[in-house]
Amino acid sequence: MKKAFFAALVVTAIALVFGAAAASSAQPSSLQHYMIGFSHSPNAADKALVTGHGGKVRLSFPSINVLAVDLAPNQVNSIKQAAGVKYVETDPVRTPMSLSGDLLSSELVPSLNNGLYGLVTTHAVEAQAEGYKGTGVKACVADTGLDTTQSDIAPNFVAGYDAFDPSKQTVDVFQLGVETTETHATHVSGIILGAINGSGIHGVAPEAKLYEARVLGTQPDGSVSGTTSQVMAGVQWLAQQGCKVINMSLGGGDKSQSEEALYNQIRNHGTLIVVASGNDSAKKLEFPGAYQSVVSVGAVDSSNHLASFSNTGAQLDLVAPGVNNLSSFPAGQGRDAFATANGQDIPGLPMEFAAATNGITGTLVRCGQMLDTTSCGTPPLGTWIALIQRGGATFATKVHNARVAGASAAIVYNNPANGPGNFNGTLTTVDDNGTPWIPAISLSQTDGEALAASSATTATVSNIAMAWNFDSGTSMATPHVSGVAALIFGKNPNLTPDQVETIMERTATDLGVPNYDTTYGWGLVNAQAALAATPSP
């Protein structure tokens, strides 16, 4: 029986709108940037309306009935009164959101608008401000190998156990040579207890201590998995180290009586096990998340909406943030992904296994769905970028076709069936049948359609290697709950697993129908409320 980690491959999320050119662009001082929304697709008469008021049209977005214009402020009210005009709004300046440089020198401040939104929605920010940081609590992870020297992980890492070969005395992905395939545990661990150190990110319980068991390993075919017995061996070792919380962002396969018995025993001896519900959009939980003795966790996004992939069911206990979470990653394996066109950076997400690049600039070719190698027509001479819409084939097939057609990089944007936000895509394998993948990133439907409809003839694709990355899945939701449990144990180490689970469930932010339901369980874990309800020892 195999257990595979729960990192969702396809998700939707809120994405930033493709905006207009920077305010610093040269223009008459009397004109300002505005966007005009119409009740219809803008036509020649609408453009004439703008020029007739002394303005000029800069960009057109017919799919959303908008013109981006330069206009004198004293002409705005007149434009608002014109037939077919729904609104006129200022055109805000968007600054570059590249993370690759900033994260090395400064620590990201949690916000609803960045990848640390989970610390905001779970009220971990307030809990930490009140002094609760999980100091000294052994918060442990059963997962893949780990980058033990990653800057957010190293300050809190204590020891590891390799269930595949305990004689190796290491779980470090670089020492094991699996840093490309085994990135999962580093991301999960950062969410739980990434250290406050002036760079990168930090976790829910940033002063907890990490013991890690490698129970999911790289197989001969490049996949990552482990048998139930290997998972059990790792969990048992963690419990023997005195772990108060064990995070298991994994699952799959059938029920195991042996596994269930072990976890019952471990819980009865004082260790709380927190498990992902699964990423199949199913109405039942995966094992081991379906066992009664564990805390099972589903995923919500930054708006507290259930993630499309998150499993639900009668054994679900809590939900937590699990869509586009930023966390630590093995050095050089994370990516800061964005496109640049018309002088503007457009936020993106990296395609898993795609090549890194500090920036490839070339002719922008609109290739539709890229269902075959002829989708782009006759390719231009020199370097060119394939702009591809999602749908009709796997991401790997699309990027393969682009590479064979001669593209130097690919941009895949979301489609109406899965949009309007962005998604985490994978190319499935570490290379393209023995050939390295070209750089490939994803954009939201909103941004991708705007780019496709724009006048841009060239674009730059950046997929910059770094030690942090975005990821999604119930794998990412689960460590938020594990982190809150560590905060509770930090306040009162004498509590039992039953007491800690009860506190988290009774203080959760209720979502869905009142009280318990099988979609959100008891609700979104709430660190601040849980600690307020935790008695002192």
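Predicted model: local features only at pLDDT ≥ 70, side-chain atom pairs only at ≥ 80, totals over all residues.
Reader: What makes H12 largely enclosed by the rest of the structure?

Author: A residue is buried if its relative accessible area is under 20%, exposed if over 50% and partly exposed in between, with a 1.4 Å probe and protein chains only. In H12, 17 of the 18 residues are buried, and therefore this helix is largely enclosed. Helices here are DSSP runs of H or I with at least four residues, and strands are runs of E with at least two, numbered from the N terminus.

Reader: How do you know that the length of H12 is close to what is expected?

Author: The expected span is 1.5 Å times one less than the number of residues; for the 18 residues of H12 this gives 26 Å, and the helix reaches 26 Å from its first C-alpha to its last.

Reader: How is the packing of H7 and H12 described?

Author: Axes are lines fitted to C-alpha atoms, for helices over the stretch in contact, and angles between N-to-C directions run from 0 to 180 degrees. Helix H7 (residues 184-193) and helix H12 (residues 474-491) pack at about 35°, with axes 8 Å apart. Contact means heavy atoms within 4.5 Å, and the residues that make it include His187 and Ile191 of H7 and Met476 and Pro479 of H12.

Reader: Why are E7 and E15 said to stand at the edges of their sheet?

Author: Two strands pair if DSSP finds at least two bridges between them. The open sheet has seven strands in the order E7-E8-E6-E11-E13-E14-E15, with parallel pairing. Strand E7 (157-162) and strand E15 (318-321) each have a single partner strand, so one side of each is left without a neighbour in the sheet.

Reader: What makes E13 and E14 a pair?

Author: Strand E13 (residues 272-276) and strand E14 (residues 295-300) are joined by three bridges in the parallel sense, and Val275 has Ser296 of E14 as its bridge partner.

Reader: How are E17 and E24 joined?

Author: Strand E17 (residues 334-341) and strand E24 (residues 458-466) run antiparallel and are joined by seven bridges, with Thr340 standing opposite Thr460 in E24.

Key:
Residues numbered from 1 in each chain as written. Heavy atoms only, no water.
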